[in-house]
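Biologist: Could you walk me through this one? I would like to know what was computed and which cut-offs stand behind each term.

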Amino acid sequence: MFETIRKARQLGTIALERVGEYLELLKISVEIQGRNLKRQIISYMLITLFAALGLIFLGLAIIITCWDTPYRVISAWGVAGFYVLAAFWAYLAAPSRADSASAFDTVREELQQDIKLMKDVV
């Protein structure tokens, strides 16, 4: 019985020592994740803006080029159809979740190592 109490005290001491480290690591991970998210959002917004402008001006250039030809209507519908197909393709290609590693993986790994250590002690 005294052995169990001694082991429990050891586990409690280890856990209390690591709580501060976990909190600091969690704080750093949240900051890193926030910065990464902000960069991604700004990048995606810029990519979307310039891609949309590029497509709009490309479509206008095609329609204007074909304006005085018998292919004016066909070119206008072709450009519109291309935009619809591009939007559909972009929808299908969009990831359903982020594939990048989370900044919280480090916290998770540290917790798993300490849990393994505590199980070994018991």
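Modeller: Let me begin with a definition: helices (H or I, at least four residues) and strands (E, at least two) are DSSP runs, numbered from the N terminus. This is a predicted model, in which local features need pLDDT of at least 70 and side-chain atom pairs count only at pLDDT 80 or more, while totals for chains, interfaces and linings use all residues. Residues are numbered from 1 along each chain as its sequence is written, and side-chain values use heavy atoms, with hydrogens and water left out.

Biologist: How many helices and strands does the chain come to?

Modeller: The chain has three helices and zero strands, and its radius of gyration is 28 Å, well over the 14 Å that the globule rule gives for 122 residues, so the chain is more spread out than a compact globule. That radius is taken over C-alpha atoms, and the globule rule is 2.2 Å times the number of residues to the power 0.38. Along the principal axes, the C-alpha atoms fill a box of roughly 95 × 20 × 10 Å.

Biologist: And what share of the residues is buried?

Modeller: Buried residues make up 8% of the 122 residues, where buried means under 20% relative accessible area, exposed over 50%, and partly exposed in between (1.4 Å probe, protein chains only). The chain exposes about 10,300 Å², of which carbon and sulfur atoms supply 70%; such areas come from the Shrake-Rupley method with a 1.4 Å probe, and for residues only the protein chains shown count as cover.

Biologist: Serine 75, then: buried or exposed?

Modeller: Serine 75, which lies in helix α2, counts as buried because its relative accessibility is 9%. Leaving aside residues up to four places away in sequence, serine 75 touches Ile62, Ile63 and Cys66, a contact being heavy atoms within 4.5 Å. The side chain of serine 75 also reaches the backbone oxygen of arginine 72 at 2.8 Å.

Biologist: What about leucine 85?

Modeller: Leucine 85 is also assigned to helix α2, which spans residues 72-93, and it counts as exposed because its relative accessibility is 59%. Its C-alpha atom is separated by 38 Å from that of aspartate 105, 20 residues apart along the chain.

Biologist: Switching to charges, how many salt bridges does the search find?

Modeller: A search of the whole structure finds one salt bridge, the term meaning a side-chain nitrogen of Lys or Arg within 4 Å of a carboxyl oxygen of Asp or Glu.

Biologist: Which residues form it, and how far apart are the closest N and O atoms?

Modeller: Arginine 18 pairs with glutamate 21, with the closest N and O atoms 2.8 Å apart. Because they are three residues apart in helix α1, arginine 18 and glutamate 21 are separated by about one helical turn. Glutamate 21 is partly exposed, with a relative accessible area of 45%.

Biologist: Where does alanine 8 lie, and how far is it from methionine 118?

Modeller: Alanine 8 lies in helix α1 and counts as partly exposed at 46% relative accessibility. Although alanine 8 and methionine 118 are 110 residues apart in sequence, their C-alpha atoms are 9.5 Å apart in space.

Biologist: Last topic, isoleucine 64: in which helix is it found?

Modeller: Isoleucine 64 is found in helix α1, residues 2-65, and at 61% relative accessibility it counts as exposed.

Terms used. Polar contact = N/O pair within 3.5 Å; in protein donor to acceptor, adjacent residues only side chain to side chain.
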